[in-house]
Each structure stands twice: as structure tokens, then as C-alpha cells.
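Subject: Structure handover

Hello,

Here is the structure I said I would pass on. Please look it over first; my notes on what was found follow below it.

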Amino acid sequence: MTSNTFDAAQFKAQFPALKNQAVHYLDNAATTQKPSVVIEAIRHYYQNGVGNAHRGSHRYSRDATKVIESCRQSTADFINAEHSDNIVFTQSCTAALNTLAKGIGEQLQAGDEIILSLLEHHANLLPWQEVAKNKGLVLKFLPLHNGELDIDQLKTLITDNTRVVSLSACSNTLGCAPDLHQARQIIPESCVFVVDAAQHIAHNTVDVQQIGCDFLCFSAHKMYGPEGLGVLYGKRSKLNKLTPLLTGGGMIQQVGLEESSYLEAPHRFEAGSPATAAIAGFQAALDFFGQWPLEHIKHHKQTLCHHAHQGLKQLNEIQLFSDPHNPAGIVCFSLQEQELNIELADFLDRHGISVRQGHHCTQPLLQSMNQSSLLRASIAPYNTREDMDALLRACEAFLQNQKHIKQTPSDAPAKKELNAQRAKVISGKMSWQQRQKQLILWGKEITIKADIRKERYMIPGCESALWLHAKRRNGFWNFRHDSDARLIRGVSALILSWVEGCRSEEIKAFDFNKAIEELQLENYLSPSRSNGIHSLINHLRNLP
């Protein structure tokens with residue numbers, strides 16, 4: 001591509017999943033769609049015969065080896081690694097970070113310090129937590145200042161006991177990117193510097209030599225490549241000091257009955273049969289991505305990101321948390337009534353708009369912001385102004401619906417939270433839109449019960465938290481419930497009203513599935529919410 005402008009329509013045309021104009025995919029921070037060339041590369045590999053790389057002298061094995069080593073070199077070139085041997089293929093970015101935490105952790109002693117930040121994805125937090133717990137290490141956290149990491153605080157946090165600094169190159173929740181060059185200048189050479197570049201790799205040039213990091217990790221699937229493949233870059237001298245996370249075939253030098261020796265990097269970290277098809281697809285993704293000028297892509301995404309922020313800013317019921325100029329094209333927001341976030345996400349999904357809702361695997365970050373959930377739209381080069389406008393129109397329509405719901409009189413005949421008569425009214429003849437409104441109204445009337453919002457009362461499997469307290473009096477069951485989402489409170493109230501005051505044998509005999517199917521309750525529930533409701537039903541059926 002040599003044009004001075006970026007043609008988003010031409011870029012989008014390369015992705016078969018996006019040919020439907022009614023699809024507005026805005027969850028690119030979770031994973032990206034795949035271009036035809038990636039799909040074709042994987043098909044071509046399988047169709048033309050497969051072999052196990054590095055293990056045989058026959059043609060298929062040689063071809064598989066060539067696929068892997070060619071992609072290893074392309075990956076090294078892509079991030080300006082010193083040598084292809086600096087590149088290790090892993091199962092995922094998470095697997096790469098676990099490899100580092102285990103390998104580096106074995107070299108540390110009780111009292112040694114690891115510095116992370118409040119921005120970290122759980123993948124760059126939990127592995128270090130495990131190591132710290134097992135080895136008696138100290139975890140420290142770089143704070144936020146006005147929505148950005150305060151890198152200067154490293155000067156205060158780093159002590160003579162600091163051994164590791166592991167930071168995200170870009171936040172998957174807020175989109176902000178810390179200054180890694182400034183961090184490197186502060187971090188002593190004696191400290192290991194790890195960079196989680198999973199959210200950074202598709203948006204900015206990555207030059208590991210310029211960053212000066214010791215290790216860097218990312219995933220193929222976040223930059224148009226296949227799932228199930230991660231990349232671990234490391235300085236070779238430091239890679240060879242690490243104990244592999246996995247052991248087995250393909251990574252050994254010599255095996256004895258009592259002890260064995262391992263190959264040097266990268267192969268010492270690639271035990272088992274490699275994901276050759278995924279690597280073939282990743283090679284195609286690297287070639288594809290390299291055809292499009294990154295600066296033009298950046299400008300395109302920035303324009304869309306700014307437009308989305310400006311549009312959402314006009315809606316008073318919405319609070320924005322991301323900066324419109326963030327480099328990752330993240331639009332992070334929440335309704336003022338946080339419990340409605342999940343309902344908005346479902347509403348958007350029904351209108352063909354895919355966004356992410358929840359804690360985004362950054363619970364400590366949300367806790368520091370006093371948020372229980374956030375919505376995130378994340379932009380890729382194949383997104384267009386039409387996608388942003390569809391998001392804005394749907395958000396506005398949802399808010400209008402909420403105003404209408406608040407003005408809609410309840411059909412409830414009584415104030416009792418669990419009420420068989422009310423359940424009968426809602427189970428009567430009405431459209432699914434009317435039924436949904438009544439369920440939301442019912443959920444709104446369910447009181448918050450702090451005394452049962454405890455782990456022992458939680459029903460597992462639901463995207464929204466759901467708590468149930470069941471008590472038997474004289475053989476009859478009574479229920480109290482709560483949820484952090486109004487719709488789940490309402491649906492749960494309906495289900496519990498069917499069996500409130502019943503004996504165990506009556507609850508077991510009740511045909512919940514038939515009742516749910518007749519009312520088409522599945523229409524109101526995302527898959528994870530549906531799982532939670534079925535967990536509730538299983539819990540009721542298993543009452544003693």
C-alpha cells in the first residue's frame with residue numbers, strides 16, 4: 001500500500017467474517033477477526049500434508065520445520081529482535097508470562113521485590129502472585145495518576161531488593177500506554193524488565209532493542225493471526241537461565257533415567273508437538289499486516305476513537321473513562337447506573353454490535369476506580385464511521401428505552417418480592433419486549449441484601465453475581481435473593497416465585513425447562529447469564 005490515505009473498506013474486504021454489513025465488531029482488544037490470507041495459509045498447510053517439525057528427515061517434517069523457522073525469523077524482524085533464537089513460540093501470551101514468572105521466580109529469594117502496576121491484565125498479575133506466595137516475595141504496584149501510570153514513581157518503589165519490573169505496554173481496559181523508554185532509564189540493569197505487549201502489538205511499532213527490555217510477550221490472535229499461539233521474546237543469555245514451564249519431547253538434549261539436560265533457547269521452551277498450522281497462519285498475518293502503513297492505520301483509528309468519545313460524551317447517563325487520544329483505539333465507558341451495563345451490552349449484541357462488558361481481567365484496576373463493571377468498544381483498522389454511529393445510535397436507543405421502562409407502571413398485584421400472582425401475570429400473554437420490561441421492573445423492586453452478598457450464598461456460573469439464601473421452615477422452602485443486575489434479579493424472582501413455599505419433592509418435580517421455554521426467557525439472557533440461571537435451577541433441584 002503506497003497511498004497516503006488508508007482505505008478502511010479495502011482493508012475490511014479482506015475479512016470474510018465482516019462481509020455482513022449488519023455486523024459491527026468492536027471487541028478487537030479481546031481478539032481480532034482473521035483475513036482470508038490467514039485462513040488460507042492454515043488450510044494450505046493442512047491440505048498439503050503435515051509433519052512433526054524438528055523430529056524427522058522426511059519431506060513433511062522438513063516442510064513443517066521450514067514453516068516454523070521462517071516464521072520465527074519473520075517475528076524477530078517484526079519486533080527487531082537481535083536473532084531468531086530470541087523468539088519462543090508458546091500457547092499464548094498468558095503461557096509466556098507464566099513461563100517467565102516460574103523461570104525467574106526460581107532464581108529469587110524471600111524478601112526480593114517484584115514491581116507491577118494497577119493496569120495489569122490478570123495474566124501479568126496472577127503468575128507473579130503465585131511465585132510471591134510460594135517464595136515469600138514482595139509485590140509492589142505502580143500507581144495511576146489521572147488515568148495514566150505514574151512512571152516517575154518507579155524511582156520511589158525501586159530498592160536494593162527489587163529484582164523484577166513487569167509492565168503492560170498498553171492497558172486493555174483504558175488504552176493508555178506507559179512510557180517504556182522512561183521506565184527503562186529508571187530501572188537498574190540488575191533488574192529484569194518484562195513487557196506484556198499483548199494490547200500494544202497491533203497498534204504501535206515494537207522495537208525490543210529500543211525499549212531495552214529483557215523479555216516481551218504478545219499473542220498472535222490480537223493482530224489478525226490465529227488463536228492458540230503466543231510469542232515470548234527474550235535476551236538469549238537470560239532465556240537460557242530459565243527453567244522451562246513444560247518439559248517433554250522436542251526440548252531435550254539428553255535424557256537419562258535419573259536426570260536430563262535441555263536444549264538451549266528457543267527449543268528448550270517448546271516441548272511437545274508445535275502448533276505448526278497456527279504458526280503458518282501467523283506468518284500470513286505478519287505478511288498481511290506489513291502491507292498496510294501503520295501511521296495511516298493509526299490516524300484512521302484515532303479519528304474513529306475521537307468520534308465515538310465525542311458522541312458518548314453527549315449522553316448524560318454515560319461516563320467515559322478512556323482518553324479519546326489513547327493509542328489502542330479503546331472506548332471505555334459505563335452507565336451511571338452500573339448495574340445496567342450488562343443490559344446495555346446485551347442490547348448492543350441484539351443490534352449486531354459486539355462490545356465487551358465486565359472487569360476485563362483487570363479487577364484491581366476497577367476496584368481502584370470504584371467500578372464494578374465497564375463497557376469497552378475497541379477499534380481495529382476494519383472498523384468504519386458506520387460502526388461508531390451504530391454504537392452511538394444503539395446507546396441512545398437503550399437510554400430512551402430505560403426512560404420508558406421507568407415510566408411504565410408495574411403490573412405487580414402486590415409488594416411481596418417473591419409473588420406467585422405476579423409470576424402468573426408475567427407468564428401471561430404479552431410480547432417479549434413487554435415481558436422484559438416487567439422483569440426489569442420486578443428486578444428494580446428487589447431490595448439489595450448486604451447480609452447474603454457473601455461467597456457462601458453465591459450461585460456460580462453467571463456473568464452477573466447472583467446470591468441465594470434458602471431456608472426451610474416446617475418442610476417448606478422460602479427464598480431471598482439478590483444480584484448486581486436488575487434483569488437477573490427479575491428473572492430469578494420469577495423462577496423462585498414458581499417454587500416459593502414448596503417442599504423439596506415439589507421443587508424437584510417442577511418442570512423449569514418447560515416454563516423457561518414457554519416464556520422464551522433465553523431471549524433475554526446472554527450465554528453466561530443463561531448458565532447462571534441454569535445453575536440456580538440446579539441448586540434448587542438439589543435442595544435436601
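The second largest pocket has a lining of 13 nonpolar, six polar and one charged residues. In these classes, Ala, Val, Leu, Ile, Met, Phe, Trp, Tyr, Cys and Pro are nonpolar, Asp, Glu, Lys and Arg are charged, and the others, Gly among them, are polar. This is a predicted model, in which local features need pLDDT of at least 70 and side-chain atom pairs count only at pLDDT 80 or more, while totals for chains, interfaces and linings use all residues. Residues are numbered from 1 along each chain as its sequence is written, and side-chain values use heavy atoms, with hydrogens and water left out.

Pocket and cavities

A 1 Å grid is laid over the protein atoms alone: a pocket is an open set of points with protein on both sides within 12 Å along at least five of seven lines, a cavity is a set where a 1.4 Å probe fits but cannot get out, and lining residues have an atom within 4 Å of a point. Points are joined across faces, edges and corners, and a volume is the space filled by probe spheres set on them.

The second largest pocket holds about 380 Å³ of space. Of its 20 lining residues, Phe89, Thr90, Gln91, Phe269 and Ala271 lie nearest the centre. Both β2 (87–90) and α4 (93–105) supply at least two residues of that lining, and β2 gives the most, with three. Helices (H or I, at least four residues) and strands (E, at least two) are DSSP runs, numbered from the N terminus.

How many cavities of 30 Å³ or more does the whole structure have? The search finds two. The largest cavity has a volume of about 80 Å³. It is lined by 14 residues, and Asn28, Thr32, Ala202, His203 and Lys222 are the closest to its centre. Its lining divides into eight nonpolar, five polar and one charged residues.

Helix packing

Axes here are lines fitted to C-alpha atoms, for helices over the stretch in contact, and angles run from 0 to 180 degrees between N-to-C directions. Contact means heavy atoms within 4.5 Å.

Helix α14 (residues 385–407) packs with helix α16 (residues 432–445) at an angle of about 70°, their axes 10 Å apart. That makes α14 roughly perpendicular to α16. For angles, under 35 degrees is roughly parallel, over 145 roughly antiparallel, 65 to 115 roughly perpendicular, and the rest oblique. On the α14 side the contact is made by His404, Ile405 and Lys406, and on the α16 side by Lys437, Ile440, Leu441 and Lys444. By class, this contact has three nonpolar, one polar and three charged residues.

Helix α12 (residues 341–350) also packs with α14: the axes come within 10 Å and cross at roughly 125°. The two helices α12 and α14 are therefore oblique to each other. Glu343, Leu344, Phe347 and Leu348 of α12 make the contact with residues of α14 that include Leu391, Ala394 and Phe398. By class, the contact of α12 with α14 has eight nonpolar, two polar and one charged residues.

The axes of α16 and helix α17 (residues 486–499) come within 7 Å and cross at roughly 95°, so α16 and α17 are roughly perpendicular to each other.

Backbone

Most residues other than glycine have a negative phi, and most peptide bonds are trans. Asparagine 146 is not a glycine but has a positive phi of about 55°; this residue is in the loop between β5 (144–145) and β6 (148–149). A cis peptide bond joins alanine 265 and proline 266, with omega about 5°. Proline 266 sits in the loop between β12 (260–262) and α10 (276–289).

Regards
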